[in-house]
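Subject: Structure for you to look at

Dear colleague,

Here is the structure I said I would pass on. My notes on what was found in it follow below.

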Amino acid sequence: HPHNFTDRMYRPGDQAFFDIIQSYMGYRTCYYRTLNVGSKTPAQVDAYRKAREWIDAAINLVRPGMTTDKIAAVWPAATEFGFQSEMEAFGLQFGHGLGLALHERPIISRLVSFENPFELQEGMVFALETYCPAADGNGAARIEEEAV
């Protein structure tokens, strides 16, 4: 899980997940990246490919007038990637507004967007995030991109 922390030294074959947060003149930015230390496994490559497909599908929907429920619908259900509920997986297939705070509206997720869709407006800035565990249980892929 990318939200777990450790003080263990990295070793060849480990993965590192970086949530890169910047601030410029008070405005926030947020990018997630997955890095492999040394080589990668075929399952990790496949996980990255799936996470990239999911995020690209969401990015392709971003435009004024689109609603958050339609964006959330292109991401897999929590049970499809190893979690028992959308609440348990909250924050893994996720979108959030960016501005003076790191997490602003709109919130885009299967947990909240289906019941409370929000219409995107011109000029909104937000981050979209995807997560896909490797099928062999050794690692995952985590990607976050920004959209305007």
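Please keep in mind that this is a predicted model.

I will begin with the largest cavity. Its lining is made up of Pro76, Phe81, Glu86, Ala89, Phe90, Gly91, Gln93, Ser109, Arg110 and Leu111. By type, the lining residues divide into 5 nonpolar, 3 polar and 2 charged. The space inside the largest cavity comes to about 60 Å³. How many cavities of 30 Å³ or more are there in the whole structure? The search finds 1. As background, rolling a probe the size of a water molecule over the atoms shows where empty space is left.

Next, the sheet. There is an open sheet of 4 strands, and reading across it the order is E4-E3-E5-E6, with antiparallel pairing. Strands E4 (104–108) and E6 (140–147) stand at the edges; each has a single partner strand, so one side of each is left without a neighbour in the sheet. On average, and ignoring direction, neighbouring strands of this sheet are turned by 15 degrees against each other.

Within the sheet, strand E5, which covers residues 126–133, pairs with E6 in the antiparallel sense over 8 bridges. If you want a place to look along this pair, Thr130 stands opposite Ile143 in E6. Helix H1 (residues 42–61) packs on the sheet and touches E5 and E6. The direction of H1 makes about 150 degrees with that of E5.

Two single residues are also worth a note.

Met25 is not a glycine, yet it has a positive phi of about 55 degrees. Is Met25 buried or exposed? Its relative accessible area is 67%, and since the cut-off for exposed is over 50%, Met25 counts as exposed.

Ala16 has a relative accessibility of 4%; because buried means under 20%, Ala16 counts as buried. Leaving aside residues up to four places away in sequence, Ala16 touches Tyr10, Arg33, Thr34 and Leu35. For a distance to check in your viewer, take Ala16 and Leu102: they are 86 residues apart in sequence and 22 Å apart in space, C-alpha to C-alpha.

Regards

Technical notes: Residues numbered from 1 in each chain as written. Predicted model: local features only at pLDDT ≥ 70, side-chain atom pairs only at ≥ 80, totals over all residues. Heavy atoms only, no water. Pairing = 2+ DSSP bridges. Helix = DSSP H or I, 4+ residues; strand = E, 2+ residues; numbered from the N terminus. Axes fitted to C-alpha atoms, helices over the stretch in contact; angles between N-to-C directions. Contact = heavy atoms within 4.5 Å. 1 Å grid on protein atoms, 1.4 Å probe; cavity = no way out; pocket = protein on both sides within 12 Å on 5 of 7 lines; lining within 4 Å. Points joined across faces, edges and corners; volume = space filled by probe spheres on them. Nonpolar A, V, L, I, M, F, W, Y, C, P; charged D, E, K, R; others polar. Buried < 20%, exposed > 50% of the residue type's maximum accessible area, 1.4 Å probe, protein only.
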